[in-house]
Amino acid sequence: MLASQGSASSNATPLARFQAYFESLTPLTLTEIGQIYAADARFKDPFNAVQGLDAVRRIFAHMFATTEQPRFVVLHALGDATQGYVTWDFHFRSKGRSGRNWTIHGASRLEFNAQGLVALHRDYWDAAEELYEHLPLLGALLRAIKSHLRAI
């Protein structure tokens, strides 16, 4: 089932509520995270593995503290009342005078509990390709290794 765009109403599916929240995430909406995530929710991405609502909230708060204008755009959403998968683009600007615009492409696997709250949020994205390869010294090394390992 494809999640509908937008509605965060209590009648919406867990996936539709997640999508609406995820795409409208701001520092102010972090106070509402308990309406989307379970108290014992687990979150994992290439840099973090945490459990508990406060820990998940801190991950997103850190994102707002270390980036400018971060926002998620859900490209596809598929799921049911127990699980969901979303692909997304994460747009942000790095902080500082030489800040640049970034877009990270990724996907999330979600598990919902019986109350329709996110019990597991697992992000999948390639930190090397999406982030590290764009850094001056490390990027050149990673691109050389990638070229060497490429089959064609």
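Good morning. Please keep in mind throughout that the model is predicted. I begin with the overall architecture. The protein contains four helices and six strands, and along the sequence these elements follow the pattern α-β-β-α-β-β-β-β-α-α. Of its 152 residues, 40% count as buried. Among contacts with a separation of 6 or more, 43% are between residues 24 or more positions apart.

I turn now to the interior. In soluble globular proteins, nonpolar side chains tend to be buried together. Here, the largest nonpolar core has 30 residues, and the members touching the most others are Phe18, Leu25, Tyr37, Phe60 and Trp88. Which elements give two or more residues to this core? They are helix H1 (14-23), strand E1 (37-44), helix H2 (53-66), strand E3 (67-79), strand E4 (83-94) and strand E5 (101-112). The largest share, six residues, is that of H2. As for Leu25, its contacts beyond four places in sequence are Leu30, Phe60, Met63, Phe64 and Phe72.

His121 belongs to strand E6, which spans residues 118-124. Is His121 buried or exposed? With a relative accessible area of 0%, His121 is buried. Its side chain makes a polar contact of 3.3 Å with the side chain of Ser108. Setting aside residues up to four places away in sequence, His121 touches a list of residues that includes the aromatics Phe18, Phe22, Tyr37, Phe43 and Phe60. Arg42, Lys44, Ser108, Arg109 and Leu110 are also touched by His121.

Next, the aromatic rings. A pair of aromatic rings is described by the distance of the centres and the angle of the planes. The count in this model is 10 aromatic pairs. In one of them, the ring centres of Phe47 and Trp125 are 5.6 Å apart and the planes stand at 65 degrees; because planes over 60 degrees apart count as edge-to-face, this pair is edge-to-face. Phe47 is in the loop between E1 and strand E2 (49-51), while Trp125 is in the loop between E6 and helix H3 (127-130), so the pair ties together parts that are 78 residues apart in sequence. Phe47 is partly exposed, at 46% relative accessibility, whereas Trp125 is buried, with a relative accessible area of 18%.

A second pair has another geometry. The rings of Phe72 and Phe90 have centres 4.6 Å apart and planes at 20 degrees, so this pair is stacked. The pair links distant parts of the chain, with Phe72 in strand E3 and Phe90 in strand E4, 18 residues apart. Phe72 is buried at a relative accessible area of 8%, and Phe90 is buried at 10%.

Which residues do ring pairs link into a cluster? The cluster consists of Phe18, Phe22, Tyr37, Phe43, Phe60, Phe72, Trp88, Phe90, Phe92 and Trp102. At Trp102 there is also a charge to note: the charged end of Arg100 sits over the ring of Trp102, at 3.9 Å from its centre.

To close, I return to two residues. Phe18 and Phe60 are among the core members that touch the most others; Phe18 and Phe60 also belong to the aromatic cluster, and His121 touches both Phe18 and Phe60. Thank you.

Terms used:
Residues numbered from 1 in each chain as written. Predicted model: local features only at pLDDT ≥ 70, side-chain atom pairs only at ≥ 80, totals over all residues. Heavy atoms only, no water. Core = buried A, V, L, I, M, F, W, Y, C linked by side-chain atoms within 4.5 Å. Buried < 20%, exposed > 50% of the residue type's maximum accessible area, 1.4 Å probe, protein only. Contact = heavy atoms within 4.5 Å. Polar contact = N/O pair within 3.5 Å; in protein donor to acceptor, adjacent residues only side chain to side chain. Phe/Tyr/Trp six-rings, centres within 6.5 Å; stacked < 30°, edge-to-face > 60°. Lys NZ or Arg CZ within 6 Å of the ring centre and 35° of its normal.
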